[in-house]
Amino acid sequence: MHSVTVDLEAASTTQLVNALSVIATELAQREAPDSAAACLELAETLSAAADMQESVLAGFIGRVDAAGEQARWGYPSTRAWLRSRLGMRESRAKERLTLARQRHRLPLVAERLAAGELSYGYATTVADSVARLDDTDCARAETMLLGMADQGFSAGKVAAFGRRIRDVIAERDGTEDAPDEDTKRGYARSWLTTTRSLDGGRYVKGWLNPEDAAIWDGTLAPLAKPAGPDDRRDVAERTAAALSSVLSGGHKASKVTVICDLETLTGGNAPARLTDGTPIPAAQARRIALAAGVSPLLLGRGNTPLYLGYRERFASAAQRQVLETLYPSCAVRGCEMPGTLCEVDHVHGWALGNSPTDIDQLALTCGWHNRFKHTSPDQIHISKDPDGRYVYRLLPPAHARTRTGTGPPGGTGPPDDPLDWAA
């Protein structure tokens with residue numbers, strides 16, 4: 001039995017979390033009381049405490065998500081971090097991330113959840129309902145949905161009302177008969193609009209007529225199927241990955257040629273360029289050259305072409321077929337991207353005159369981890385499993401290993417499983 005003494009006012013957040021962990025460990029080892037009535041009362045008390053902990057967890061997740069900290073640890077998204085590192089199911093990861101992202105727009109929900117006056121179930125229901133509303137409608141919806149919760153409606157009923165919240169707001173404001181811009185476009189011709197976000201991504205919205213929808217379904221549907229029982233991505237994530245694969249050429253031949261100087265490829269700072277003159281930063285050009293399945297045109301002194309590689313030069317169709325058989329998903333442990341949507345990766349890199357194209361020197365990695373491996377090689381530990389497949393394991397950033405004193409055992413290499421490292 002452990003003893004915990006904490007000065008609540010003087011203790012830091014870290015000390016409080018550590019104390020809570022000790023208490024939870026001790027509580028988990030206790031047998032439930034014999035009295036069913038006592039268990040019912042204790043369950044309600046413990047559930048309320050757990051809801052307040054969810055409020056704290058939402059704050060932690062929100063800070064990680066806003067700062068993009070998960071990317072420095074080798075995870076392409078916050079949801080991937082929640083699934084892989086925290087062991088959450090996809091539905092729970094999505095639910096917690098939505099609450100973390102929406103809580104700053106839901107002051108009443110955040111306050112009542114933290115005070116133990118609102119359950120986690122209601123809080124996530126409201127957060128999911130307002131996720132696609134603007135700030136003005138969000139405030140109105142928060143009041144309406146909390147009012148339903150206070151009247152005793154179940155979380156399921158509140159969720160059902162939340163799904164109709166747009167129509168309710170439009171009817172109340174007298175704008176339900178006004179056609180929106182999308183409706184004005186009509187439905188005879190397909191259209192697509194994109195808006196760039198502050199972090200460089202894009203929001204995409206559009207409409208496909210029946211003919212174009214058939215092409216969409218015929219092309220993307222086969223690629224958007226789950227990779228297997230362990231593929232916990234939802235349909236939206238699988239569809240986006242399938243579209244990205246098609247747009248980038250996927251496992252088909254690349255039609256893009258990147259022109260770069262030999263000095264750039266070997267560490268220089270001169271930018272590369274596309275055939276239309278579009279500049280490519282030197283670091284990105286090196287990453288493109290390192291990835292199999294591209295066409296780099298290397299220029300020596302005097303802009304003399306040295307070598308023009310083709311996709312088959314790096315990884316033939318037959319090699320790709322073998323790799324997809326060996327790697328049902330990305331070689332990075334915990335990544336669920338299907339192998340059919342991954343890029344062919346040279347395990348030990350690529351160098352002019354020494355391009356390892358043997359099948360036992362290649363692996364499949366998703367585009368995000370392919371870039372991460374190139375930019376953060378010290379955070380990837382490569383080994384082989386008993387079947388000869390390469391396994392890439394993510395390691396914490398160097399500063400985290402130094403701070404926690406969890407360097408490689410004996411200073412000779414990383415542990416067998418980076419999940420054993422202190423985070």
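Student: Which residues are linked in that network of salt bridges?
Tutor: In this predicted model, the network of salt bridges links Arg79, Arg83, Glu90, Lys94, Asp234, Glu237 and Glu336.

Student: And how many salt bridges does a search of the whole structure find?
Tutor: A search of the whole structure finds 17 salt bridges, and one of them joins the side chains of Glu90 and Arg79, with N to O at 2.2 Å. Glu90 belongs to helix α5 and Arg79 to helix α4, so this pair ties together parts that are 11 residues apart in sequence.

Student: Are Glu90 and Arg79 buried or exposed?
Tutor: Glu90 and Arg79 are both buried.

Student: OK, what about Arg83, which salt bridge does it form with Glu90?
Tutor: Arg83 and Glu90 form a salt bridge in which the closest N and O atoms are 2.6 Å apart, and both of these residues are buried. Arg83 also meets Glu336 through their side chains, in a salt bridge of 3.7 Å from N to O.

Student: Switching to the largest nonpolar core, which residues touch the most other members?
Tutor: Leu82, Tyr327, Ala363 and Tyr392 do, out of the 29 residues in that core. Two or more residues come from each of the elements α2 (36-67), α4 (78-84), α5, β9 (362-365) and β11 (390-394), and the core draws at least three residues from each of domain 1 (40-177) and domain 3 (307-394).

Student: What does Leu82 touch?
Tutor: Setting aside residues up to four places away in sequence, Leu82 touches Ile61, Gly87, Met88, Ala93 and Leu97. There is also a second, separate core of 22 residues, which includes Ala58, Ala127, Leu133 and Met148.

Student: Where does Gln102 lie, and what is it in contact with?
Tutor: Gln102 lies in helix α5, which covers residues 90-102, and apart from neighbours within four places in sequence, Gln102 is in contact with Ala127, Val130 and Ala131.

Student: Why does Gln102 count as buried?
Tutor: Gln102 counts as buried because its relative accessibility is 10%, and the cut-off for buried is under 20%.

Student: Last one, which residues make the nonpolar surface patch?
Tutor: Val4, Val6, Leu8, Leu16, Val22 and Ile23 make a nonpolar surface patch of about 460 Å². Among them, Val4 lies in the segment before α1 (13-28) and is partly exposed, with a relative accessible area of 34%.

Notes
Residues are numbered from 1 along each chain as its sequence is written. This is a predicted model: local features need pLDDT of at least 70, side-chain atom pairs count only at pLDDT 80 or more; totals for chains, interfaces and linings use all residues. Side-chain values use heavy atoms; hydrogens and water are left out. Helices (H or I, at least four residues) and strands (E, at least two) are DSSP runs, numbered from the N terminus. Buried means under 20% relative accessible area, exposed over 50%, partly exposed in between (1.4 Å probe, protein chains only). Contact means heavy atoms within 4.5 Å. Patches are made of residues with over 30% relative accessible area and no salt bridge: like charges are joined within 9 Å, nonpolar side chains (Val, Leu, Ile, Met, Phe, Trp, Tyr) within 5 Å. Accessible areas come from the Shrake-Rupley method with a 1.4 Å probe; for residues, only the protein chains shown count as cover. A salt bridge is a side-chain nitrogen of Lys or Arg within 4 Å of a carboxyl oxygen of Asp or Glu. A nonpolar core is a set of buried Ala, Val, Leu, Ile, Met, Phe, Trp, Tyr and Cys residues joined through side-chain atoms within 4.5 Å. Domain bounds come from an automatic or database domain assignment.
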